[in-house]
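Please keep the sequence and the coordinates open beside the text while reading.

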Amino acid sequence: MAEDLTIVTGTKEDAYSSLIPQINGLLEGETDDVANLANVAAALKEQFGWFWVGFYLVKNNELVLGPFQGPVACTRIAKGRGVCGTAWRDAATLIVPDVEQFPGHIACSSLSRSEIVVPVIRNNEVIGVLDVDSALLSQFDETDQKYLEQIVAAIPLSGQVNK
Ligand code: SME
């Protein structure tokens, strides 16, 4: 496993194209869920410099804070609440260009301005979400959706983290 990430500047496509094989390399052969989620959050944060990148995991019908990079965050989110709880309930990626316009947005930090939440789905069930926040408005689009969904789908997860 490579221990250093190669960061590229350029378009988002360039960044994801360089990052995805490196993420796959980081995950290869590792079977621990926390280790894998932690490295994915770190790799995304390092490449893109977003304000907050992390996972919330479904435990006892609630989202609970998992591995993340960024400032401290809310620990529990109910189904249907905020952007994360809505992406969970709907089992669909949500792109929010301006969090202040999203009814029920949970402001863990007033510095977060736009957000994308990608559900982590295994066996047709949402087992968690990837939440990415930016300090700038309108930072996420279909390119992020496409690649983040791809990244999330490829994380080997055994279900340890949902207990
Ligand atoms: N803003 C999110 C809550 C999680 S934090 O931003 C890390 C939401 O509305 O779901």
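Helix 1 passes helix 2 in a right-handed crossing, and this description, like the rest of the briefing, refers to a predicted model. Helix 1 also packs against helix 4, with the two axes 11 Å apart.

**Helix 1 with helix 2**

- Helix 1, covering residues 12–27, and helix 2, covering residues 33–48, have axes that lie 10 Å apart and meet at an angle of about 155°.
- Because angles over 145 degrees count as roughly antiparallel, helix 1 is described as roughly antiparallel to helix 2.
- On the side of helix 1, the contact is made by Ala15, Tyr16, Leu19, Ile23, Leu26 and Leu27, while helix 2 contributes Asn36, Asn39, Val40, Ala43, Leu44, Gln47 and Phe48.
- By residue class, this contact of helix 1 with helix 2 consists of 10 nonpolar and 3 polar residues, with no charged ones.

**Helix 1 with helix 4**

- Helix 4 spans residues 142–153, and the angle at which helix 1 packs with it is about 5°.
- Since angles under 35 degrees count as roughly parallel, helix 1 and helix 4 are roughly parallel to each other.
- The residues in the contact of helix 1 with helix 4 divide into 6 nonpolar, 2 polar and 4 charged.

**The largest cavity**

- The count of cavities of 30 Å³ or more comes to 1, and the largest cavity holds about 180 Å³ of space.
- The largest cavity is lined by 19 residues, of which Ile106, Cys108, Glu115, Asp131 and Asp133 are the closest to its centre.
- Strand 1 (52–59), helix 3 (82–90) and strand 6 (125–134) each supply at least two residues of this lining, and helix 3 gives the most, with 3 residues.
- In the lining of the largest cavity, 12 residues are nonpolar, 4 are polar and 3 are charged.

**Leu157, after helix 4**

- Leu157 lies in the segment that follows helix 4, and, leaving aside residues up to four places away in sequence, Leu157 touches Asp33, Leu37, Val120, Arg122 and Ile127.
- Although Leu157 and Val120 are 37 residues apart along the chain, their C-alpha atoms are separated by 9.9 Å.

How values were computed
Residues numbered from 1 in each chain as written. Predicted model: local features only at pLDDT ≥ 70, side-chain atom pairs only at ≥ 80, totals over all residues. Heavy atoms only, no water. Axes fitted to C-alpha atoms, helices over the stretch in contact; angles between N-to-C directions. Helix = DSSP H or I, 4+ residues; strand = E, 2+ residues; numbered from the N terminus. Parallel < 35°, antiparallel > 145°, perpendicular 65-115°, else oblique. Left-handed = near helix turned anticlockwise from the far one by under 90°. Contact = heavy atoms within 4.5 Å. Nonpolar A, V, L, I, M, F, W, Y, C, P; charged D, E, K, R; others polar. 1 Å grid on protein atoms, 1.4 Å probe; cavity = no way out; pocket = protein on both sides within 12 Å on 5 of 7 lines; lining within 4 Å. Points joined across faces, edges and corners; volume = space filled by probe spheres on them.
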